[in-house]
Amino acid sequence: MTRMLVTGGAGFIGANFVHHTVENHPEYEVCVLDALTYAGDRNTLSSVADQVEFVHGDICDTEVVDRLVERADVIVHFAAESHVDNSLHNPEPFIRSNIIGTFTLLEALRKHGGRFHHISTDEVFGDLPLQGTEKFTEETPYDPSSPYSASKAGSDMLVRAWARSFGVAATISNCANNYGSFQHVEKFIPRQITNLLGDARPKLYGAGENVREWTHVDDHNAAVHLILSQGKLGETYLIGSGDERSNKEIMELLLGLMGLEPDAYDHVSDRPGHDLRYSNDSTKIRTELGWQPIYGDLREGLAATIEWYRENGWWWQPQKAATEAKYQVLGR
């Protein structure tokens with residue numbers, strides 16, 4: 001058995017990765033390390049609890065990280081603070097988790113060895129003009145806009161430096177916006193879905209013109225496994241479905257899928273420094289590793305996501321009231 005450590009494995013993308021790994025890759029013996037902050041929920045792993053080891057701990061805890069990395073063959077690093085609004089309100093946890101936490105892991109890898117894959121975001125590149133066909137590539141200079149994306153950019157640079165200076169066997173992936181099951185209700189798509197399921201009007205930042213490329217979490221995690229098995233050490237891979245939509249289009253699509261009029265939402269104040277558009281050129285991972293998204297049709301993926309939230313109120317309802325109270329304070 002290959003021993004795999006998954007950091008942040010009780011969060012949105014990490015938990016889906018754990019489920020995907022257990023179901024599709026029995027060659028791995030999985031250990032999850034998660035601090036169970038507000039965005040991590042051990043219940044997310046309840047259906048695979050007897051098939052994985054769970055360690056409640058912090059990636060900034062040198063002793064815990066050293067012990068777990070020492071006995072791991074592969075480390076997949078999802079753990080991160082990841083919400084832009086929260087980083088604008090209080091940047092400190094983002095610096096601690098995303099930079100200090102990644103540094104702690106890299107130092108353990110420098111000591112013990114192991115294969116390391118670092119999960120990052122396309123937000124490190126800044127944004128693109130709303131009009132046009134320009135896309136981010138693996139060579140795009142970093143130009144982060146928020147404390148969140150700046151902290152992720154810093155963590156990427158640490159991984160590259162440790163790979164070059166100390167020979168850490170690392171790869172990086174920068175993915176477009178994800179959606180799917182187990183995503184915290186503070187995020188755009190689940191917030192709108194759960195508002196509608198609770199008979200509340202959904203909320204759209206500003207005019208909703210900001211454009212994102214949306215990738216289903218299952219497609220993202222399949223790409224990560226391809227990078228682990230076939231990716232070239234030291235390389236970065238951009239992951240994206242190729243499906244770009246404005247926030248307004250997503251809102252109207254969700255309303256239509258849930259049988260409501262396309263204008264049944266409220267506008268709220270926009271966030272400061274809101275990036276205009278993200279778009280990834282995923283040619284490299286598609287041509288070199290053969291990755292293709294299963295959910296090429298965003299409508300199909302959103303319909304499946306709506307159904308998941310409809311059937312799993314036990315998971316998201318305990319988060320909802322506190323999340324909306326926080327947004328009310330922020331005026332959004």
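Predicted model: local features only at pLDDT ≥ 70, side-chain atom pairs only at ≥ 80, totals over all residues.

Residues are numbered from 1 along each chain as its sequence is written, and side-chain values use heavy atoms, with hydrogens and water left out.

Let me start with the seven-stranded sheet. This sheet is open, its pairing is parallel, and its order is β3-β2-β1-β4-β5-β6-β10. Strands here are DSSP runs of E with at least two residues, helices are runs of H or I with at least four, and both are numbered from the N terminus. Two strands pair if DSSP finds at least two bridges between them. At the edges stand β3 (53-56) and β10 (236-239); each has a single partner strand, so one side of each is left without a neighbour in the sheet.

Within this sheet, β1 (residues 2-7) and β4 (residues 74-77) pair in the parallel sense over four bridges. Val6 has Val76 in β4 as its bridge partner. Helix α2 (residues 62-70) packs on the sheet and touches β1, β2 (28-34), β3 and β4, where contact means heavy atoms within 4.5 Å.

We turn to the other sheet. Three strands form this open sheet, with mixed pairing, in the order β7-β9-β11. Its edge strands, β7 (177-179) and β11 (244-246), each pair on one side only. Strand β9 (residues 211-216) pairs with β11 in the antiparallel sense over three bridges, and Glu213 stands opposite Glu244 in β11.

Note on methods: Axes fitted to C-alpha atoms, helices over the stretch in contact; angles between N-to-C directions.
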